[in-house]
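Please open the model in your viewer and keep the selection tool at hand. The tour below moves from one selection to the next and says what is to be found at each stop.

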Amino acid sequence: MCKHLSLCLSLFLSICLCHSFCVCVCVCVCACVCVCVCVCVCTLSLLSGVCGLSSSVQRQFHVVKEEKTWTEAQQYCREKFTDLATIDDMAEMEKITSAVQFPGVNLGWIGLKYGISPKWQWSLAGRDFYGENKAEFRNWGKSQLDGTRGEYCAAIMPGGWWHDLLCRRTFPFICYDEKSSTQPYVLVKEVKTWRESQRYCREKHTDLASVRNQRENDQIVAFTAPANSFVWIGLFRDTWEWSDGSSSSFRHWDPTEPNYVDPKEHGLCAEIWPSGQWNDKPCNYHENFICYEGEVKRTEIVRVKLQVASHVDLDDPDVQAAFLQQIGQRLRSKGLPANATLTWRKQSDGKVFHKEKNGKKKKRDEL
């Protein structure tokens, strides 16, 4: 029996958007693709859709005990594997931390290098967390984005506008906890720097809060009102770039790093310490390094029918994004790789869902 059957069943028992009981019949093939048909006791709208997974085999990391400069290490990794290591989240970070604690490994280059084009990005780097353009939402106040030097991080003001501030300043902060199905936000009134806030949120919850749309911005404003001050959110600006061109915003610097020593003469690159935290260092030093092997893409599609309450608008992008987030959380709790992605597939008319009429079958939608 395919090990994903229980995963499929538990998923479909939760997708009826009104409070009802669902009975599902699933058939799994050897590739672990589960086709499920669910009947939900619900008196309202019947829609057709598809439950699908676009996942990939996790990266394989390799510690190379030869000592090379960052550029030499990059060339070696590209010839023997895929590239110097790119790290997407804490799960991958923990794997690498275990690897660099082997005897004979002291420090190791990873694929991060100081670039020339600063950009804003979110601390929470999960690729299935953001829908289309959701990572690009901004709500800057007037006369903001005036910082030109150093590291800048974003705080939300009581009125809901965002302010760019030096990351070393101390404020309360708001965490996001993906394990909470009722209230994912946690306000911490203790003041910390942005990096201290990030570390606290990652240790005790998931990460600093991201803001993907105006609705979430309004929710966070209401939730942070008791602080009555600036409150750190998960947005930060830096100029670091990954060797393989990845857009991963994951960072795991030591609290005192990066300190940007001598960036012009040899360039700055990131190394990982045995503790797992990162340090910036001139790229001409000779060190061990960490390569990764490329991902193997795999797509799984499962067709389903959903019954939803009539007031639920499944054409609303926010509803679709919230639905994907719930599915992603449930699948990850059942063992789905952290780098798996879920996306809705639109049909030729641009819609994701279609209502079925008079029991006739319509073309099913895809996730």
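Begin by selecting Ile233, which touches Trp122, Ala154, Ala155, Ile156, Trp162, Ile174, Trp194, Leu208, Ala209 and Val211, residues up to four places away in sequence not being counted; a contact here means heavy atoms within 4.5 Å. The model is a predicted one, in which local features need pLDDT of at least 70 and side-chain atom pairs count only at pLDDT 80 or more, while totals for chains, interfaces and linings use all residues. Residues are numbered from 1 along each chain as its sequence is written, and side-chain values use heavy atoms, with hydrogens and water left out.

A nonpolar core is a set of buried Ala, Val, Leu, Ile, Met, Phe, Trp, Tyr and Cys residues joined through side-chain atoms within 4.5 Å, where buried means under 20% relative accessible area, exposed over 50%, and partly exposed in between (1.4 Å probe, protein chains only).

Next, select helix α5, residues 214-224, where Glu216, Asn217, Ile220, Val221 and Thr224 are buried. Seen down the axis of α5, these buried residues fall within an arc of 140 degrees, so they line one face of the helix; the arc is that of the directions from the helix axis to the C-beta atoms. Their cover includes β7 (152-156), β8 (162-166), β9 (171-176), β10 (185-192) and β12 (231-242). Helices (H or I, at least four residues) and strands (E, at least two) are DSSP runs, numbered from the N terminus. At the N-terminal end of α5, look for the cap formed by Asn213, a side-chain oxygen of which lies 3.3 Å from the backbone nitrogen of Arg215.

Move on to helix α2, residues 70-80, in which Trp70, Ala73, Gln74 and Cys77 are buried. These residues cover an arc of only 105 degrees around the axis, which puts them on the same side of α2. They pack against β4 (60-68), β5 (83-84), β6 (108-122), β13 (268-272) and β15 (287-293), whereas the face turned away from the buried side carries the exposed residues Glu79 and Lys80.

Now show the charged side chains. With a salt bridge taken as a side-chain nitrogen of Lys or Arg within 4 Å of a carboxyl oxygen of Asp or Glu, the count comes to ten. Lys281 lies in strand β14 (residues 278-282) and Glu271 in strand β13, so the pair ties together parts that are ten residues apart in sequence. Both Lys281 and Glu271 are buried. Arg202 forms a salt bridge with Asp207, at 3.1 Å between the closest N and O atoms; Arg202 counts as buried at 14% relative accessibility, and Asp207 does so at 3%. Elsewhere, Arg59, Asp88 and Glu92 are linked in a network of salt bridges.

Finally, select the whole chain, which has six helices and 17 strands. Buried residues make up 51% of its 367 residues.

Conventions. Polar contact = N/O pair within 3.5 Å; in protein donor to acceptor, adjacent residues only side chain to side chain.
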